[in-house]
Amino acid sequence: MSAARLPPPRAPDLAALIRAESARLAAACTACGACVGACPMVPTLPAVAAAAPETVAAGMRAVLRGEAQAAPAGSVAWIGACTRSGLCTAACPERLDAAYMMRLAGMRLRGALGAGEEGGPPRLPAREDPGWSARVKAFARLTLTEEEQARWL
Amino acid sequence: MAVTPPPPADPAPERVVFWFGCNIARHGEIVRLATRMLEAVGIEPAPAGGPSYCCGSPKEANARIAGGMARRTMEAFNAMGRDTVVTWCPSCHMNMDDFMAPATEAAFATAHISEVLHARRDRLAPLLRHRVAARRALPHLHHGFNGRVPVNALVPDLLRLIPGLEVPDHPCRAPGHMCSALAGVPGALAAAQRALLAAAEETGADALVTIFHSCHRETVSLERGRPGLRVVNWIHLLAESMGLAYRDDYKAWRNAPDPREAVGPDRLAAAGETAFERLVEPELRRPPPV
């Protein structure tokens, strides 16, 4: 089977991973704006489309540097509208995984590391569906047999 | 006396976890059919999904909680003692790569189900004996995830194994990695669906083939008022060609004039009246994006 082995862990927990990966990628990013230019969501964001791509990208880099409160509103809106197309990664001249950077930035802006560490409250609302788990279970009761639920869930 | 050598024995089935995710619970038949398909190509899958096997992404706004959920899932998979975790959901697959395995040791490899079936297409192809109720099937593709797993090539390749089915190439690619990502951006899902309908018209497709569960959930309503158009998932079409029976209940409920009546009293009782009313019915009654 064409299965991929997973590399060994590089952090003791998720919070430490977010911190370490944010710092590593922020240090390598030149904020050239190629990721912004490639993003298919920018046309849905007039303020971002009107801004210089370098400025928007620099705001994303600032979030990864732990300076979320200083990031311009346009950068925050751009990160919030990320739908994980991955076109930014293909466009990065530094060959950075820009989509991963956006994901890290989104988690940080939604408060993943806490207000104390980010210097203020979350700048993006959490995308949490409070009924998610109960909804999944309700649909499972509609579409799976009792035996399947017992064995698979 | 000439001795005829015995035929080569089938190798022992490869034992895997089939990690189907959580929101595909709306489409139990896809989990069931995909499981049977893996078995048919010589794999022994142990299906696992739902909130007990969460990747953590529903709680990504809190690293402590998300990390704890992810670690619990990793430990459960490690304890199952299988060499490979076969994924279905692109979010789960990417979360495994990006956040789960980098923080918790994984005693297994991973592969997406499209990679597994494609790698064993020599075993799958002879099982695809029946024509399907579609002449030209347009795959519904996204930009995202394809950079991790080339689903935009693998799935059309597999569909082309179905006798008599045309699978046109079209450059239409929706933003995002699947439609649920678009639902949160005002207008984005409707725009993607209008582009998909235009592509179907340009290619003369009579079927739209979704790849992921959230796309299927969001796209089935395109059948309303379009009697010549069928919306199916790629697993549905492969199953149909294999002769496996199934019912796409979610599509039937979503497109019914009265979803509650379509679900019926027995299943409604199984889901629970309160849960159905609060968690299921609003989704089934939501107006279509286009």
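**Ground rules**

I am working from a predicted model, in which local features need pLDDT of at least 70, side-chain atom pairs count only at pLDDT 80 or more, and totals for chains, interfaces and linings use all residues. Residues are numbered from 1 along each chain as its sequence is written, chains are lettered from A and ligands numbered from 1 in the order in which they are written, and side-chain values use heavy atoms, with hydrogens and water left out.

**Chain B, the two domains**

I noted the bounds as 14-118 for domain 1 and 130-249 for domain 2 of chain B; such bounds come from an automatic or database domain assignment. The contact (heavy atoms within 4.5 Å) takes 25 residues from domain 1 of chain B and 27 residues from domain 2 of chain B. The size of an interface is often given as the accessible area lost when the parts come together. For these two domains of chain B I read a buried area of about 2300 Å², with carbon and sulfur atoms giving 75% of it. That area is what two parts lose on being put together, with a 1.4 Å probe, summed over both.

I then looked for charged pairs between domain 1 and domain 2 of chain B and found a count of 2 salt bridges. A salt bridge here is a side-chain nitrogen of Lys or Arg within 4 Å of a carboxyl oxygen of Asp or Glu.

I also checked the UniProt record, an unreviewed entry, which places "domain: Cysteine-rich" at residues 16-97 of chain B. UniProt positions are given in the numbering used here, feature names are shortened, and annotations may be inferred rather than shown by experiment. The end C-alpha atoms of that span of chain B are 18 Å apart, and the span is 48% helix and 21% strand. Helices (H or I, at least four residues) and strands (E, at least two) are DSSP runs, numbered from the N terminus.

**Chain A, overall**

I counted 10 helices and 1 strand in chain A. The C-alpha trace of chain A spans about 55 × 35 × 35 Å along its principal axes. Of its 153 residues, 47% count as buried, where buried means under 20% relative accessible area, exposed over 50% and partly exposed in between (1.4 Å probe, protein chains only). Among contacts in chain A with a separation of 6 or more, 62% come from residues 24 or more positions apart.

**Chain A, helix H5**

Which residues of helix H5 of chain A are buried? In this helix (residues 73-80) I find A:Ser75, A:Val76, A:Trp78 and A:Ile79 buried. They are on the same side of H5(A) because they cover an arc of only 160° around the axis; the arc is that of the directions from the helix axis to the C-beta atoms. An α-helix has 3.6 residues a turn, so residues three or four places apart point the same way. The cover over the buried residues of H5(A) includes helix H2 (34-38), helix H3 (46-50), helix H4 (53-64) and helix H7 (98-109) of chain A.

**Salt bridges**

I get 30 salt bridges over all chains. In one of them the side chains of A:Arg10 and A:Glu21 meet at 2.9 Å, N to O. A:Arg10 is in the loop between strand S1 (4-5) and helix H1 (14-28) of chain A, and A:Glu21 is in helix H1, 11 residues apart. A:Arg10 is partly exposed at 44% relative accessible area, whereas A:Glu21 is buried at 5%.

In chain B, B:Asp169 and B:Arg160 pair at 3.2 Å, N to O. B:Asp169 is exposed, with a relative accessible area of 70%, and B:Arg160 is partly exposed at 36%. I also logged a network of salt bridges that links B:Asp258, B:Arg260, B:Glu273, B:Glu281 and B:Arg285.

**B:Ser221**

Last, I looked up B:Ser221, which is in the loop between helix H9 (213-219) and strand S7 (230-233) of chain B. B:Ser221 is buried, at 2% relative accessible area. Not counting residues up to four places away in sequence, B:Ser221 touches B:Arg254, B:Asn255, B:Pro288 and B:Pro289.
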